Amino acid sequence: MSRKLNYREAMREAMHEALANDPRVFLMGEDVGMYGGTYAFSKGFLAEFGPERIRDTPLSELGFVGAGIGAALGGMRPIVEVMTINFSLLALDQIVNSAAAYRHMSGGQFSVPLVIRMTTGAGRQLAAQHSHSLEGWYAHIPGIKVLAPATIEDARGMLAPALADPDPVVIFEHAGLFNMEGELPDDWTVDITSARVRREGKDVAIITHGGSLPKALAAAETLAAGGISAQVVDLRVLRPLDTATIAASVAKCHRAVIVDEGWRTGSLAAEVMARIMENAFYELDAPVARVCSEEVPIPYARHLEEAALPQAEKIVAAVKGLFA
Amino acid sequence: MIEFKLPSLGSDMDEGTLLEWKVGVGDTVKKGQVVAIVDTTKAAVDVESWQEGVVHELVAEIGQKMPVGAVMALLLEAGETAPAKVGAGGTAKPAPAAAPRVAAAAPAAAAVPATPPAAAPVVAPAAPGRRMISPAARKHAEEKGIDLDGITGTGPHGAVTLEDIENAAAARPAPAVEKAAIKPAEPQASRAADMRKTIAAAMSRSKREIPHYYVSEDIPLAKALAWLQAANAQRPMAERLLPAALLLKAVAMALKRYPELNGYWRDGGFVPVAAINPGVAISLRQGGLIAPALLNADGKPLTLLMQELTDLVKRTRAGSLRSSEMNEATITVTNLGDQGSQAVFGVITPPQVALVGFGRVAERPWAENGGLKVLPVVTASLSADHRVSDGHRGALFLLELNELLQHPEELDK
């Protein structure tokens, strides 16, 4: 048996479950209470769990992320929601210098079991201050785990192991996925350690994550019609990267295209390419290619925004470029 | 009848203008094949067909602007025969039928880029003397024991890919013979085609990468042929020596003093080889040639060398060479023999660095000591890699060869 629900509902269900089952869990962030969440992820939570556990905060990312760290140090299991990844830059000091560092600085005496959720990505005409994909920056930081749920199953399942993790976990939810519908099987199981092959193929490995996954799958469908069998790998966990799955897919297909909505230079895609060089160089039959966002602030105008982002057609073209 | 319609080439595309037909009436269209170039507001786009069929009619005219979904062409499905009179395609066909269909390759469209300007990665050029070979292809070639020098790359930028190695493995002489036993005609033809491809690749690479220089020398063979005649008079028919064996032996002996002509150019430098293994160019009856090695030719008496040469020619033509003979030639010797022209200036076989050529042995007027006589003469030539040796040394090598052939008895050791 399975049931149909969308990404937003899956995430809401996951938070509801955590709040209902563990009194240490609480939700904090801008507009999570009265307004029900900017993206309606916490609709009805204030009435059900009360203002102690569903806490609206001032517009101060530095302040409320810091408060979350303090609560986690004090034994709570906070879920801190940052409205978009662009705003999270205000809280980077707390995340990099505090949350990620305390276990190290205290010689293992303290850990910070904090979950920070934020929206990432473009595609909804929200322009240059609400649309970027900076998860690659977070994947650079030792001391935290970085997750990118891109399926209904992961939206439903990744929060619980993230809350159970003794260290800070940052979850990036791509805005383009919120209305995506899918079947959730009854026997779903989710980990926060591995990448998953979402489509089996043999000619090229398309390695991606988050909002680019549906585009990669669409590209694979188009390529199949043209006789190219593409394997699609969903990274899921951006830190630590599941190098074994990446290398195994390259060893199987001998060609790889990395799709990453981040900007090309210094991107997560670049890191994946480096891992391939380190671990699967002798398996490559063509240079590794990547499809990233154009190196511009994400434009407002729809056609320009579309042109700036990875698209299924660009992925198809990149793959075809690997076959003479 | 399949209607090939103008697809949407972008979510904001409403119409497109036909720039060029890539197919003509009667052409077979495969799935994924580019059939037309259409200008959209963004770019000129290659339009592929996702159906297979034979082009029956090109409905759209060059320069015609059409809405998305308009019928551009009619294709016949497999097995379908053309209707007697065409009445279809009317919906999106305002132009009269008078327009010439041959306009398909109109020069006006020639300047249009075939693909949208995707972010093309900058590809580092291969270092001098180093070919583009994918790491996987290199690994696979090693596992299969395939010499990469003879492989033509078909990957991006001419890189050698896994597929090229697999094709080469499938086309190797030994398995090809086995196949021939099962299917007599076809593999023979494909083998000849593969060989042509291999020769094309090796020779193109040679002329592209190796700065050849050429020197030649006319060598009188009166003494050598007289000695051969005397030697053969004492031998049974089957053991008689041919001039070719004598010439090969002389080349091998001369190379001992000119090691810069015997070896390989690898990874930007010369690698001399101690063993002297001249590759003997042998033409095949079905076309093409192979130059398998006569191993350690310098140390073998003429009788043995002749036996090995005969055996090598026989096995080459039967397609049963050993891998050492295929891979270990250190120089190539091409001998045009009786049916050849006067002289030959050959193309070096990479990664070797030299080739010695012999033309036809023929009587010629020969001036010597103020007098003129008629002698059998052969023109010996040397094609050599200027990165490794210079013309002066090349000329000295040919003089040494000449000198050795004036003392044929010394060669039978």
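In chain B, helices α1(B) and α2(B) are roughly parallel to each other, because angles under 35 degrees count as such and the two helices pack at an angle of about 20°. This description, like the rest of the passage, refers to a predicted model. Helix α1 spans residues 135–144 of chain B, and helix α2 spans residues 162–170. Their axes lie 8 Å apart. The crossing of α1(B) with α2(B) is right-handed. On the α1(B) side, the contact is formed by Ala136(B), Ala137(B), His140(B), Ala141(B) and Lys144(B). These residues meet Leu162(B), Asp164(B), Ile165(B) and Ala169(B) of α2(B). Six residues of this contact are nonpolar, one is polar and two are charged.

Helix α6 (residues 243–255) packs against helix α7 (residues 302–318) of chain B. Here the angle is about 110°, and the axes are 9 Å apart. Angles of 65 to 115 degrees count as roughly perpendicular, so α6(B) is roughly perpendicular to α7(B). The two helices, α6(B) and α7(B), cross in a right-handed sense. From α6(B), the residues in contact are Ala244(B), Ala245(B), Leu246(B), Leu248(B) and Lys249(B). From α7(B), they are Leu302(B), Leu305(B), Met306(B) and Leu309(B). Eight residues of the contact between α6(B) and α7(B) are nonpolar, none is polar and one is charged.

Chain B has 413 residues, of which 33% count as buried. Among contacts in chain B with a separation of 6 or more, 62% link residues 24 or more positions apart.

Asp385(B) is one residue of chain B that can be followed in detail. Asp385(B) sits in strand β18, which covers residues 371–385 of chain B. Asp385(B) has 25 other C-beta atoms within 10 Å and is therefore buried; the cut-off is 20 or more. Neighbours within four places in sequence aside, the contacts of Asp385(B) are Ile210(B), Pro211(B), Trp265(B), Ile348(B), Val353(B) and Ala354(B). Pro350(B) lies 35 residues from Asp385(B) in sequence. In space, the C-alpha atoms of Asp385(B) and Pro350(B) are 9.9 Å apart.

Attention now turns to chain A. Five strands of chain A form an open sheet in the order β9-β11-β10-β13-β14, with mixed pairing. Strands β9 (196–199) and β14 (289–293) of chain A stand at the edges. Each has a single partner strand, so one side of each is left without a neighbour in the sheet. On average, neighbouring strands of this sheet are turned by 25° against each other, direction ignored. Within the sheet, strand β10 (residues 204–208) runs parallel to strand β13 (residues 256–263) of chain A. Three bridges join β10 and β13 of chain A. Ile206(A) has Val257(A) as its bridge partner in β13(A).

Helix α9 (residues 213–225) of chain A packs on this sheet. Helix α9 touches β9, β10, β11 (230–234) and β13 of chain A. The direction of α9 makes about 170° with that of β11(A).

The two chains also touch each other. In this interface, 17 residues of chain A are in contact with 16 residues of chain B. The chain A side comprises 10 nonpolar, five polar and two charged residues.

Technical notes. Residues numbered from 1 in each chain as written. Chains lettered and ligands numbered in written order. Predicted model: local features only at pLDDT ≥ 70, side-chain atom pairs only at ≥ 80, totals over all residues. Contact = placed C-beta atoms within 7 Å. Nonpolar A, V, L, I, M, F, W, Y, C, P; charged D, E, K, R; others polar. Buried ≥ 20, exposed ≤ 12 C-beta atoms within 10 Å, placed from the backbone. Axes fitted to C-alpha atoms, helices over the stretch in contact; angles between N-to-C directions. Helix = DSSP H or I, 4+ residues; strand = E, 2+ residues; numbered from the N terminus. Parallel < 35°, antiparallel > 145°, perpendicular 65-115°, else oblique. Left-handed = near helix turned anticlockwise from the far one by under 90°. Pairing = 2+ DSSP bridges.
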